Amino acid sequence: MKLENKVALITGATSGIGKATAKAFGVAGAKVVFSGRREPEGKATEAQLRDAGIDCLFVRSDVSNEAEIKSLVQTTVEKYGRLDCAFNNAGIESPAKPLHEQSIEDFDKLMAINTRGLFLCMKYEIQQMLTQGTGVIVNTSSLGGLIAFPWTSPYIASKHAVMGLTRAAALDYAKQGIRVNAVTPGATATEMIDRSLARMGITADDFASTIPMGRIGQAEEIAQAVVFLCSDAASYITGQPLVIDGGFTVN
C-alpha cells in the first residue's frame, strides 16, 4: 500500500474523511493536491501536512463549477507533472424530511455537488489519465448508494448515482489502464454524521448500538481503504463498492 512518486488529488478535503485521506496519501509517499470550498480550513490543513513532511498543495475549488474543476486538474499536473490517484470525496447531505416535503432548491443544490460535481471531476481526471495510460479513481458513495434510509431521498438518489457513474466508468476505461472504484462508508465520525443524526433526533450512542461492531467508524479507517484501492495491492479491482460499515449491512 505504498504510493511513492505518485500524485494524488482529493476533493472535499478540508475536514473529515477527505482531510484524513490527504494525510494518509502523504504518509504513503504521495504528493498531494487537495481542495474544498473552505479556504481557511484548507490553508490550515496544508500547514499541518507540510509540518508533517508531506509535499502538498491546497487549492480552493467548488466541484459544481466546471471551470474550477478543470483548473484544479490542470494545477495538479502543472505542479507535479501527472495525476495518478483521484479521490472524489466532496459531498453534502439533504434535509431530513420525507420526499414530498423536500424542496426543489435543496434537491438541485445537492445534485449539483454530489452527482454533477462527481461527473465533472471524473471527466477532467480521466482526460489526464488517458494521456498517461494509467490512473486510479475512488469515489465516495455511501451505504445510501447501496440501500435506503428514510427521510433522505435526495441524498439516496445522489449516492446511487455515484455508484452508477463508478460502475459505468470502470467499464469504459478498464482496458485503458484506469481503475474506478468507490468506498461506501457507514456512519463515520465526521461533522456530516453529527448534523444528520441531530436532524433525525438520534444520538451517536443510539446509532452505534445498531452497528454490530458497536461503534461509529473513524475517518482514518476510510482513508486507509482509499489508499488500498489506489495502491497496486488493489490492481485487479475495478467497478466495485468497498463497504466499510462495521457490519451494519450484514444485519
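1. Let's start with the sheet of this predicted model. Seven strands form an open sheet with parallel pairing, in the order β3-β2-β1-β4-β5-β6-β7. At the edges are β3 (56-60) and β7 (241-244), each of which pairs on one side only. From one strand to the next, the twist averages 15 degrees. Strands here are DSSP runs of E with at least two residues, helices are runs of H or I with at least four, and both are numbered from the N terminus. Two strands pair if DSSP finds at least two bridges between them.

2. A quick word on how to read the model. Residues are numbered from 1 along each chain as its sequence is written, and side-chain values use heavy atoms, with hydrogens and water left out. Because this is a predicted model, local features need pLDDT of at least 70 and side-chain atom pairs count only at pLDDT 80 or more, while totals for chains, interfaces and linings use all residues.

3. Now zoom in on one pair of strands. Strand β1 (residues 7-10) and strand β2 (residues 31-36) run parallel and are joined by four bridges. Look for Leu 9, which stands opposite Val 33 in β2. Strands of a sheet pair through backbone hydrogen bonds, either parallel or antiparallel.

4. Next, find helix α8 (residues 219-230), which lies across β4 (85-88), β5 (135-140), β6 (178-185) and β7. Helix α8 runs at about 165 degrees to β6. Axes are lines fitted to C-alpha atoms, for helices over the stretch in contact (heavy atoms within 4.5 Å), and angles run from 0 to 180 degrees between N-to-C directions.

5. How many cavities of 30 Å³ or more are there? The count comes to one, and the largest cavity has a volume of about 60 Å³. On a 1 Å grid over the protein atoms alone, a cavity is a set of points where a 1.4 Å probe fits but cannot get out, and lining residues have an atom within 4 Å of a point. The volume is the space filled by probe spheres set on the points, which are joined across faces, edges and corners.

6. The lining of the largest cavity has 13 residues, with Asn 88, Asn 89, Ala 90, Ile 113 and Leu 118 nearest its centre. Helices α4 (104-132) and α5 (153-173) each give two or more residues to this lining, and α4 gives the largest share, five residues.

7. Finally, visit Arg 116 in helix α4. Leaving aside neighbours within four places in sequence, Arg 116 is in contact with Ser 64 and Met 111.

Methods. 1 Å grid on protein atoms, 1.4 Å probe; cavity = no way out; pocket = protein on both sides within 12 Å on 5 of 7 lines; lining within 4 Å.
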